[in-house]
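Dear colleague,

I am passing on the structure below, together with the notes I made while going through it. Please read it alongside them and tell me where you would look further.

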Amino acid sequence: MAITFHPNGKIDGINNTNFDSSLSAGHVVQTVHNPRAHTQMANVTSSSDTDTGLFCEITPRFADSKILVLYSTHVYLYGGGADIGCCITLRRKIGSGSYSIMEAGIDTAAQQNFYINATSTEYAQKYNDQFYDTPGTNSEVVRYAVYGSVHSGGTASFTRQYTNHYITCLEIKQ
């Protein structure tokens with residue numbers, strides 16, 4: 001099939017399907033970026049995982065694609081006295097299924113992501129992370145959501161003024 005480039009920018013002879021299938025492994029097939037303002041986020045006061053409002057949805061074009069999830073959020077931890085911990089967790093939901101934990105909010109020593117010790121009363125931190133996933137579908141929406149939990153009666157605020165949050169999903173062809 002011939003490909004024709006017109007002066008007005010129109011291209012004949014190619015569409016997304018045949019273009020995407022011609023890409024070799026390792027190429028980015030699509031990118032979905034979801035920036036969120038502080039007014040679209042939530043405060044977390046529970047020791048159970050709570051949706052922060054930061055999410056991204058992508059429908060992979062290939063069932064064997066990998067999804068690179070990049071996210072950045074600002075957390076302000078306060079209240080409840082000393083020894084407060086906050087965990088950040090990335091979860092995934094495929095179609096109408098339930099959420100699965102992709103990456104728990106603790107390190108290899110089972111410690112919280114953020115912690116206020118006995119001498120502090122508040123803590124602000126920008127948190128960045130990434131996760132490489134293989135959802136195994138090309139027919140359903142895959143939703144990645146950032147959850148948070150807080151311990152010892154504190155608050156993890158994702159709503160501080162002038163803070164922005166984002167999550168980006170990149171589909172990588174295999």
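Leaving aside its neighbours within four places in sequence, aspartate 133 is in contact (heavy atoms within 4.5 Å) with Ser65, Lys66, Ile67, Arg92, Met102 and Tyr144. This comes from a predicted model, in which local features need a pLDDT of at least 70 and side-chain atom pairs count only at pLDDT 80 or more, while totals for chains, interfaces and linings use all residues. Residues are numbered from 1 along each chain as its sequence is written, and side-chain values use heavy atoms, with hydrogens and water left out.

Aspartate 133 is found in strand β10 (residues 122–133), where strands (E, at least two residues) and helices (H or I, at least four) are DSSP runs numbered from the N terminus. Because its relative accessibility is 7%, aspartate 133 counts as buried, a term that means under 20% relative accessible area, with exposed over 50% and partly exposed in between (1.4 Å probe, protein chains only). Its side chain makes a polar contact of 2.9 Å with the side chain of arginine 92 and another, of 2.6 Å, with that of tyrosine 144. Such a contact is a pair of N or O atoms within 3.5 Å; within protein, one must be able to donate a hydrogen and the other to accept it, and residues adjacent in sequence count only if both atoms are side-chain atoms. Aspartate 133 and leucine 68, although 65 residues apart in sequence, are 6.4 Å apart in space, C-alpha to C-alpha.

Phenylalanine 55 stands opposite alanine 145 in β11, and the backbone oxygen of phenylalanine 55 is reached by the side chain of asparagine 34 at 2.5 Å. Asparagine 34 lies in strand β3 (residues 28–37) and counts as buried because its relative accessibility is 16%.

As for the rings, the structure holds 3 aromatic pairs. In one of them, the rings of tyrosine 71 and tyrosine 127 have their centres 6.3 Å apart and their planes at 45 degrees, so the pair is tilted. Rings of Phe, Tyr and Trp (its six-membered ring) pair if their centres lie within 6.5 Å, and planes under 30 degrees apart count as stacked, over 60 as edge-to-face and the rest as tilted. Both tyrosine 71 and tyrosine 127 are buried.

On confidence, the chain averages a pLDDT (the predictor's confidence in each residue, from 0 to 100) of 87, and 89% of the residues score at least 70. Confidence is lowest in helix α1 (residues 16–22), at a mean of 69, and highest in strand β5 (residues 50–58), at 97. Where pLDDT is low, the predicted coordinates should not be read in detail.

With best regards

How values were computed
Two strands pair if DSSP finds at least two bridges between them.
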